[in-house]
Structure formats: C-alpha cells, structure tokens
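User: I have a protein open here and would like to go through it. Can we take it piece by piece?

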Amino acid sequence: MFDVTTNSPSPICYGDSATLIANGGSTFNWSPLTGLSSGVGSTVKASPATTTNYRVIANNGSCNDTAYVTVAVNNCNVTLNLKAYLQGLYSTGNMPSTLS
C-alpha cells in the first residue's frame, strides 16, 4: 500500500494560477480537466475561473491511491484610479458625452 499526497496551494485571484504537486506514485491523472494545463503528471498548473476541487489518482505500478486538493479562487478587487482613467480618455478624444 502507498499514499499519494498533494500540496495545499494558497488561494489565487481570478486569472492567476496555482501549481499542483502530487507525490507518492509513478503516474498521476488529474480531474476535472477544467483550468488545468495537463491531465497527467506529478506537477500541473491550475487556472480555474472559480474555486475547484481537483482529484489526482496515482498509480505505483500495482495499486492506485486518490488524493484531493482545492484551488480557492478569490474575486480580487482591482483598484481603478478614476482620475487617471478619465484623463486618458480625454487626452485620446474618447471622452463619452455622458457617464453611466
């Protein structure tokens, strides 16, 4: 018997990625594939749009073991400098006649 283990990545902001690492086997299959750079391998990149629970099945040649890892996705706020934004619109002649 063997045990597959995974890392515990820190939460990411939408659009960023986390590295998922599995240890304890010789082959690794990840699912779901949503947001993954690859479905196979001990190390994959995850860029999900929402918080996602991933499963990895490891095989050591004769047995399988399963582990789970969650990639939490935060909706990080982007601070917008309104004054600079409006000045940029004005300087390019793209200033709207009304703001909504």
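User: Is the link of C13 and C76 left-handed or right-handed about the S-S bond?
Analyst: The link of C13 and C76 is left-handed, with -80° about the S-S bond. Keep in mind that this is a predicted model.

User: What joins C13 to C76, and what is the S to S value?
Analyst: A disulfide joins C13 to C76, with S to S at 1.9 Å. In general, a disulfide is a covalent bond between the sulfur atoms of two cysteines.

User: Where in the chain are C13 and C76?
Analyst: C13 is in strand 2, residues 12–13. C76 is in the loop between strand 8 (73–74) and helix 1 (82–91). The pair is 63 residues apart and links distant parts of the chain.

User: How many disulfides does a search of the whole structure find?
Analyst: The search finds one disulfide.

User: Why does C13 count as partly exposed?
Analyst: Because C13 has 25% relative accessibility, and partly exposed lies between the buried limit of under 20% and the exposed limit of over 50%. C76 also counts as partly exposed, at 34% relative accessibility. For C63, relative accessibility is 34%, so C63 counts as partly exposed.

User: New topic. How many helices and strands does the protein have?
Analyst: The protein has one helix and eight strands. Along the sequence the pattern reads β-β-β-β-β-β-β-β-α.

User: Which strands form the open sheet, and in what order?
Analyst: Three strands form the open sheet, in the order 4-6-7, and their pairing is antiparallel.

User: Why is one side of strand 4 left without a neighbour in the sheet?
Analyst: Strand 4 (27–31) stands at an edge and has a single partner strand, so one side of strand 4 has no neighbour in the sheet. Strand 7 (64–71) stands at an edge in the same way, also with a single partner strand. From one strand to the next, the twist averages 25°.

User: How many bridges pair strand 4 and strand 6?
Analyst: Strand 4 pairs with strand 6 (residues 52–59) over five bridges, in the antiparallel sense. W30 stands opposite V56 in strand 6.

User: Is T52 buried or exposed?
Analyst: T52 counts as buried because its relative accessibility is 12%. T52 is found in strand 6.

User: What is T52 in contact with?
Analyst: Leaving aside neighbours within four places in sequence, T52 is in contact with P32, V69, T70 and V71. A polar atom of the T52 side chain also lies 2.8 Å from the backbone oxygen of T50.

User: On to strand 3. Which side chains point to which face?
Analyst: In strand 3 (residues 18–23), A18, L20 and A22 point to one face and are buried.

User: How many bridges join strand 3 to strand 5?
Analyst: Four bridges join strand 3 to strand 5 (residues 43–46), and the two run antiparallel. A18 has A46 as its bridge partner in strand 5. Strand 1 (residues 5–6) is joined to strand 3 by two bridges, also antiparallel. There, the bridge partner of T5 is N23 in strand 3.

User: What about the whole protein: what percentage of residues count as buried?
Analyst: Of its 100 residues, 24% count as buried. The accessible surface comes to about 6700 Å², and 51% of that belongs to carbon and sulfur atoms.

Methods: Residues numbered from 1 in each chain as written. Predicted model: local features only at pLDDT ≥ 70, side-chain atom pairs only at ≥ 80, totals over all residues. Heavy atoms only, no water. Pairing = 2+ DSSP bridges. Axes fitted to C-alpha atoms, helices over the stretch in contact; angles between N-to-C directions. Buried < 20%, exposed > 50% of the residue type's maximum accessible area, 1.4 Å probe, protein only. Areas by Shrake-Rupley, 256 points an atom, 1.4 Å probe, with all protein chains shown as cover. Polar contact = N/O pair within 3.5 Å; in protein donor to acceptor, adjacent residues only side chain to side chain. Contact = heavy atoms within 4.5 Å. Disulfide = S-S within 2.5 Å.
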